[in-house]
Amino acid sequence: MYEPSRLIDSFYIKGFKNFDGASALKKLKVGKKLDLIPEPDNPYDPCAMRVERKGVKLGYIPKEKNYMMSLMSFYGHADVFECRILQVDRKADPWNQVRIGIFINDARKRDVSCA
């Protein structure tokens, strides 16, 4: 059965307090899509996946969660994943202000004949 997407993982953006997250916090809304950018030349983690919103660097996917997304991206399947904001808490500690979800997109054709 076709599903537009399914949540496969969720977590807080790593390093949010260290990058431009604070300057973008007021514009971040639940449900908004975020961009995932692979950073294979990252000196700390060759599987690093940067999280951005409209070109603003918010942080990273946590290291313990990024391997599969990095691998799929390397082999040309980055469009399989979608990243969306699940929670914004402006009063929380900076490392817990923005929770994101990773969704897997359903590439199967939607069967409209049964609808």
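This report describes the fold, strand pairing, pockets and one backbone feature of a predicted model.

## Overall architecture

The chain holds two helices and six strands. Read from the N terminus, these elements follow the order β-α-β-β-β-α-β-β. The C-alpha trace spans about 50 × 30 × 25 Å along its principal axes.

Of the 115 residues in the chain, 37% are buried. Among contacts with a separation of 6 or more, 58% are between residues 24 or more positions apart.

## Strand pairing around S2

Strand S2 covers residues 33-38 and is paired with S3 as well as with S5. S2 and S3 run antiparallel and are joined by four bridges; here Ile-37 stands opposite Arg-50 in S3.

S2 and S5 also run antiparallel, with two bridges between them. In this pairing Lys-33 is opposite Arg-84 in S5. In a regular strand, side chains alternate between the two faces of the sheet.

## The largest pocket

The largest pocket contains about 220 Å³ of space. Its lining is made up of 14 residues, and those nearest the centre are Lys-14, Asp-45, Tyr-60, Ile-61 and Lys-63. By residue class, the lining has seven nonpolar, four polar and three charged members.

## The second largest pocket

The second largest pocket has a volume of about 180 Å³. It is lined by 13 residues, and Leu-34, Asp-35, Leu-36, Ala-78 and Phe-81 are the closest to its centre. Eight of the lining residues are nonpolar, one is polar and four are charged.

Strand S2, strand S3 (49-53), helix H2 (67-74) and strand S5 (81-88) each give two or more residues to this lining. S2 provides the largest share, with five residues.

## Backbone at Lys-54

Lys-54 is not a glycine, yet its phi is positive, at about 55°. The residue sits in the loop between S3 and strand S4 (56-60). Lys-54 counts as exposed because its relative accessibility is 70%, and the cut-off for that class is over 50%.

Terms used. Residues numbered from 1 in each chain as written. Predicted model: local features only at pLDDT ≥ 70, side-chain atom pairs only at ≥ 80, totals over all residues. Heavy atoms only, no water. 1 Å grid on protein atoms, 1.4 Å probe; cavity = no way out; pocket = protein on both sides within 12 Å on 5 of 7 lines; lining within 4 Å. Points joined across faces, edges and corners; volume = space filled by probe spheres on them. Nonpolar A, V, L, I, M, F, W, Y, C, P; charged D, E, K, R; others polar. Buried < 20%, exposed > 50% of the residue type's maximum accessible area, 1.4 Å probe, protein only. Pairing = 2+ DSSP bridges. Contact = heavy atoms within 4.5 Å.
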